[in-house]
Amino acid sequence: PLHHDEALYGYWAQLIASGRDPFLLTAWVDKPPLVIYLAAVSLRLFGVSEWALRLPGMIASLATIVCVYGLSRRLYDARTAFLASVLLALSPFAILFAPTIFTDPWLTLWLTAAAWAAVSRRDFVAGIAVGLAVASKQQGVLVAALVIALLVGEAVASAQRPARVLLPILGRLGPALLGFALVFAPLTWWDSLRWSNRPSFWDRSLTTYGGLGLAPLSTWPDRAADWGRIFGYLFGAAGLTVVMLGLALAAAFHDRRRVTIRVMAAFLLGYLALHFLATFQPWDRYLLPILPLLCLLAARGADLWHHGRLTPRLKPARRAVGIGLVLLLSWAAWLGVTARLPVGSDHGAYTGIRQVADFLRHQPAETVIYHQSLGWYFDFYLFDAPQERRWFDTGEKLADEAGRAAGTRPDAPQWVVVPAWESDRVAGWQAKLAARGLALADARHIYRPDGSLSFAMYRVAPEGEGQ
């Protein structure tokens, strides 16, 4: 099923694809627009479906594998580049995020493309990629930091005289800044269209997120546990992920004289430290952008280890260990393909939401639908449906709304949709409705494949017809 954020992005994409609001002037948008517009194009081409909504993310994920190969090949040989691509393709983290409409796969693509362009001395292209990263997600500003460090580091390293380093730095940064401006200027123009009645997506994201700052010291143990658990999923199990990190750090230390490798290793570690120390929520998708760099460095470390340049005394055991790693990586990929890790999209909490929406869509046009936490799903699945949808936060509000509707339109059906985790609230709602001569009549259940309840649907009826 769609994650609730995916449902929201899908609704925005439908606003664009339908022509109802092509610039999202009425929506409270807290994301840059690139990924939403790509999803809208997919909906226009293939029709409205979860598959069409997620197709761009699949394309971005496949393109990232190509970019990882290109970046790795630029830095090392074809064998290391191939291994880095395989590591990314087998990561259950990458597998589970590919079929989503989250903005992070696109951020990851542009980060990898920007780094590839920077080390290839295509500075203008690197700037464009940074702009596209920012146009995909606000964390694209971190990609700018990576590219600036790569460009400046290489310029300084190649300068023959320290006193003459300024000109090479400007020569690298200038084209990159121009490329970035070509993307950032129209992005800012698009954002400015709503400033008269809506906040900038930059401001809106800080509001919905609750702001950013240094995490209190008292939260560090819990944050360490949460981020450590998520980090362990990068390759399926914490132990295997630690091995990959160890290979990456070994490669960075071995190649420490190469400024590009030092910058990438520092960015990887700094990215992790930033998300731990700042009040970033421990959400799995935030770690996706560092996965390509981790795969690149781990591939280099594996190649060094295979040739005995890291552990020369363990040469007889290298073949057995290598076979074991291949089997473990294959197992990790299986975990991703079969969705056995709590990573990526929804993993069953909203199973059956489409059946709920299909049932409600075929109700009479005057039907009123009440809900507490399904608004974004109904916005997507019932986008052009005529039924009225009403949100309520308390039993009193539900009773007031239902009583008013029953008094003015007694023949109009009224439905309350309750996810399984809200079922303990139904008794309280019943008590409030009873004061108005109404009740919730248990009418329809939606179950998960394992037989557990997913959704209960109640019809608002006169009290004598209720439970």
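Let me begin with the aromatic pairs, of which this predicted model has 21. Rings of Phe, Tyr and Trp, the last by its six-membered ring, are paired if their centres lie within 6.5 Å; planes under 30 degrees apart count as stacked, over 60 as edge-to-face, and the rest as tilted. Tyr37 belongs to helix H2 (residues 34-46) and Trp190 to helix H9, so the pair ties together parts that are 153 residues apart in sequence. Helices here are DSSP runs of H or I with at least four residues, strands are runs of E with at least two, and both are numbered from the N terminus.

How exposed are the two partners? Tyr37, at 24% relative accessibility, counts as partly exposed, whereas Trp190 is buried, with a relative accessible area of 6%. Buried means under 20% relative accessible area, exposed over 50%, and partly exposed in between, with a 1.4 Å probe and protein chains only. Together with Phe201 and Trp202, Tyr37 and Trp190 form one aromatic cluster.

A word on conventions. Residues are numbered from 1 along each chain as its sequence is written. As the model is predicted, local features need pLDDT of at least 70 and side-chain atom pairs count only at pLDDT 80 or more, while totals for chains, interfaces and linings use all residues; side-chain values use heavy atoms, with hydrogens and water left out.

The charged end of Arg20 sits over the ring of Phe383, 4.0 Å from its centre, and that of Arg256 sits over the ring of Phe253, 4.3 Å from its centre. The criterion is NZ of Lys or CZ of Arg within 6 Å of the ring centre and within 35 degrees of the ring normal.

Now the chain as a whole. Its secondary structure comes to 19 helices and five strands, and its C-alpha atoms fill a box of roughly 85 × 55 × 45 Å along the principal axes. Of the 467 residues, 52% are buried.

The largest nonpolar core has 126 residues, and those with the most contacts inside it are Phe93, Phe235 and Leu360. Helix H6 gives the most to this core, with eleven residues. Apart from it lies another core, of 17 residues, among them Trp429, Leu433, Leu438 and Leu440. By a nonpolar core I mean a set of buried Ala, Val, Leu, Ile, Met, Phe, Trp, Tyr and Cys residues joined through side-chain atoms within 4.5 Å. Leaving out residues up to four places away in sequence, Phe235 touches several residues, including Leu87, Pro92, Met244, Leu291 and Leu329; contact means heavy atoms within 4.5 Å.

Next, helix H8. What span should its 19 residues have? At 1.5 Å a residue, residues 140-158 should span 27 Å, and the end C-alpha atoms are 27 Å apart, which agrees; the expected span is 1.5 Å times one less than the number of residues. The buried residues of H8 include Leu142, Val143, Leu146, Val147, Leu150 and Leu151. These buried residues of H8 pack against helices H6 (104-119), H7 (123-136), H9 (166-192), H13 (259-277) and H14 (291-306). Leu146 itself is buried, with a relative accessible area of 1%. Not counting residues up to four places away in sequence, Leu146 touches Leu111, Ala115, Val263, Phe267 and Leu293.

Turning to the strands, which residues of S5 stand opposite others? Tyr458 in S5 has Val416 opposite it, and Asp442 also stands opposite Tyr458. Strand S3 (residues 414-419) is joined to S5 by five bridges and runs antiparallel to it; strand S4 (residues 438-447) is joined to S5 by nine bridges, also antiparallel. Strands pair if DSSP finds at least two bridges between them. Seven of the ten residues of S5 (residues 453-462) are buried. In the hairpin of S4 and S5, with five residues between the strands, Gly451 takes a positive phi near 95 degrees.

Finally, two loop residues. Most residues other than glycine have a negative phi. Leu24, in the loop between helix H1 (4-17) and H2, has a positive phi near 55 degrees and, at 0% relative accessibility, counts as buried. Arg121, in the loop between H6 and H7, has a positive phi near 65 degrees, but at 53% relative accessibility counts as exposed.
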